[in-house]
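Hello,

Here is the structure I promised to pass along.

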Number of protein chains: 2
Amino acid sequence: MAKLDEVRVAVDAMGGDGGIATVISGIGLAMQADPSLHIILAAPRSELEALGTVDKTLRARIETVEAETVLAPGINAARAIRRGQGSSMWVALELVRSGAAGAMVSGGSTGALMALSRQLLGTLPGVERPALMGAIPTIDKPVWMLDLGANVNVDARRLLEFAQIGHVACKVLQGAAPRIGLLNVGTEPGKGPDVVREAARLIAEEPGLDFAGFVEADQVFNATVDLVVCDGFAGNVLLKGAEGAVRLLFSSLRDALKGSLGGWIVKKRMRHLHDMLDPARHNGAPMLGVRGTVIKSHGNTCNKGFARAINLGALQARHNLVAQLESQLWASY
Amino acid sequence: MAKLDEVRVAVDAMGGDGGIATVISGIGLAMQADPSLHIILAAPRSELEALGTVDKTLRARIETVEAETVLAPGINAARAIRRGQGSSMWVALELVRSGAAGAMVSGGSTGALMALSRQLLGTLPGVERPALMGAIPTIDKPVWMLDLGANVNVDARRLLEFAQIGHVACKVLQGAAPRIGLLNVGTEPGKGPDVVREAARLIAEEPGLDFAGFVEADQVFNATVDLVVCDGFAGNVLLKGAEGAVRLLFSSLRDALKGSLGGWIVKKRMRHLHDMLDPARHNGAPMLGVRGTVIKSHGNTCNKGFARAINLGALQARHNLVAQLESQLWASY
């Protein structure tokens, strides 16, 4: 395997329910998987001693930058704008803005990350608000979906924009143009709200997009398309609903099989399946449309999930997704 | 057990992907579970020979009424209004209107069922459009949710109406007032679209409703509330998304365990769990707000699911849910 280009990813050390221990453990896993990855960790000085747990050879690839404050997990956009300066999220974004880092990862508040990203990095031409793209696990491969909750009120043109942005991002991340589906409550042409039907018309007319028409929420899990376009409310409901259903199912399975011979035998296969299908393990949502690579990590992810978000940030930085989005979106105006 | 009151449920024989065989098998199961249940089957004459498969003692409790036509599964509301007269769906609804049946069940198009229900039965005072209420399986009990897809564009007052209708229906179906959650993309007060935040204010102010505030999609599966209120687009996405995730998981489990000793041992427990958690088995969505008991059956349900929808219709008819909705909704105006 050819050696990958060196890349620096800035990490907001304070953004996750698991605290800095999960973040640091995730950094270790991400660096093990990618020998050319360097990390710049933004954290208050008092939290940096947690780095003592890191293996010495890995530790040499971690720089630290001090942050003065930490944003509360539930902080909203307006407060983040007022109070955000000097926070670990701000410092990590600033590293991307200055070019010191090629990407940043944060498990903090989505609203705060969106607001500070726009403020510090700005958006690409024609993009009013960034969108969050995330992966839903299916049998063969994850299916990408956007928006995941950054935009709850959207019009048809905005859904078209999601399709355009997602098209470019999937080409970069998967190496092939995605087949695109528009989330709706039925697949017949007349179904659904006006805004979704109008968006279908716009996406179908757009040259270069491979549009499969409407998809229903259950079809998403059959991987009939590669990219699902929807407003942030529906996207959030679909992703979190699937997470809740999968979590309920695995905990019920564990209870049902506990103490049985059969349960003991199938334990390993079940764990493998859980790793494959748990949406929380497919962690890392690119915030697309800002002028810099920003990855939102799920607040309650585990160390493996956090590592995946970091590796995704590195992948995007190496492929220069932001520059590709800028040139290709510009071409479509 | 005291003998239940006799009740007649009209069944649209042609509404389901499994065809009349699934419907007839479901009728048999429903009658076995409820000895005071009688069925009036609406079907074209050519389809009635399928009744030959029914056990003789059960057959005595099935009447038939001939229908001239059958509506296509994907027919929309406008076409159903123009073409619906004389169809099996129409005939079954007509049996409710005339009082010959206490309830009707159909697995046909939601849009057609909604349109013909309004046309033939009318709506309760103050209710503009009926709403579909359905059950999502969770650990301890199913959680009810409305709307499930009948209303894709709603305002805040309509969401309040869903809470009021659901409150009365849950009291009747479960025997206790439900704790109500409003579906949103976060639980903090400032989160989500304007219409959802305004609805939260209205529901909180309404005396008699037990309002728990916002719930996120994953929390629905923890059964922190008994009733989830949302617009039909989000409700459809949540229910179908959960169905898709559960189906993917069980089929992956089957593949992972196939041919293994452990898989053979745990097979029975897994089947039990599947029965408990598969949303398709929690079939039967009451169409609330029309002047008659109408149950929408999932188009792709199995015979057990169809039986459950029939038994739910009988339960609502015995408790006179429509009269209770009328008196209690009227009281709140």
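Please keep in mind that this is a predicted model. Chain A superposes on chain B by a rotation of 180° with 0.0 Å of shift along the axis, at an RMSD of 0.1 Å. The two copies are therefore related as by a two-fold rotation axis. Within chain A, Gly262(A) has the C-alpha nearest that axis, at 2.1 Å. Both copies use the same surface, since 100% of the contact residues of chain A recur in chain B.

- Glu66(A) and Arg45(A) pair through their side chains at 3.0 Å, N to O. Glu66(A) sits in strand 3 and Arg45(A) in the loop between strand 2 and helix 2, so this pair ties together parts 21 residues apart in sequence. Glu66(A) is partly exposed at 44% relative accessible area, while Arg45(A) counts as exposed at 60%.
- Glu243(A) and Arg247(A) form a salt bridge with their closest N and O atoms 3.3 Å apart. They are four residues apart in helix 8 of chain A, so about one helical turn separates them. Glu243(A) is buried, with 2% relative accessible area, whereas Arg247(A) is partly exposed at 39%.
- In chain B, Arg97(B) meets Glu94(B) at 2.6 Å, N to O. Both belong to helix 4, three residues apart, or about one turn. Arg97(B) is partly exposed at 45%, and so is Glu94(B) at 25%.
- Glu198(A), Arg201(A) and Glu205(A) are joined in a salt-bridge network.

Best wishes

Note on methods. Residues are numbered from 1 along each chain as its sequence is written. Chains are lettered from A and ligands numbered from 1 in the order in which they are written. This is a predicted model: local features need pLDDT of at least 70, side-chain atom pairs count only at pLDDT 80 or more; totals for chains, interfaces and linings use all residues. Side-chain values use heavy atoms; hydrogens and water are left out. Copies are superposed by least squares on the C-alpha atoms of residues with pLDDT of at least 70 in both. Contact means heavy atoms within 4.5 Å. A salt bridge is a side-chain nitrogen of Lys or Arg within 4 Å of a carboxyl oxygen of Asp or Glu. Helices (H or I, at least four residues) and strands (E, at least two) are DSSP runs, numbered from the N terminus. Buried means under 20% relative accessible area, exposed over 50%, partly exposed in between (1.4 Å probe, protein chains only).
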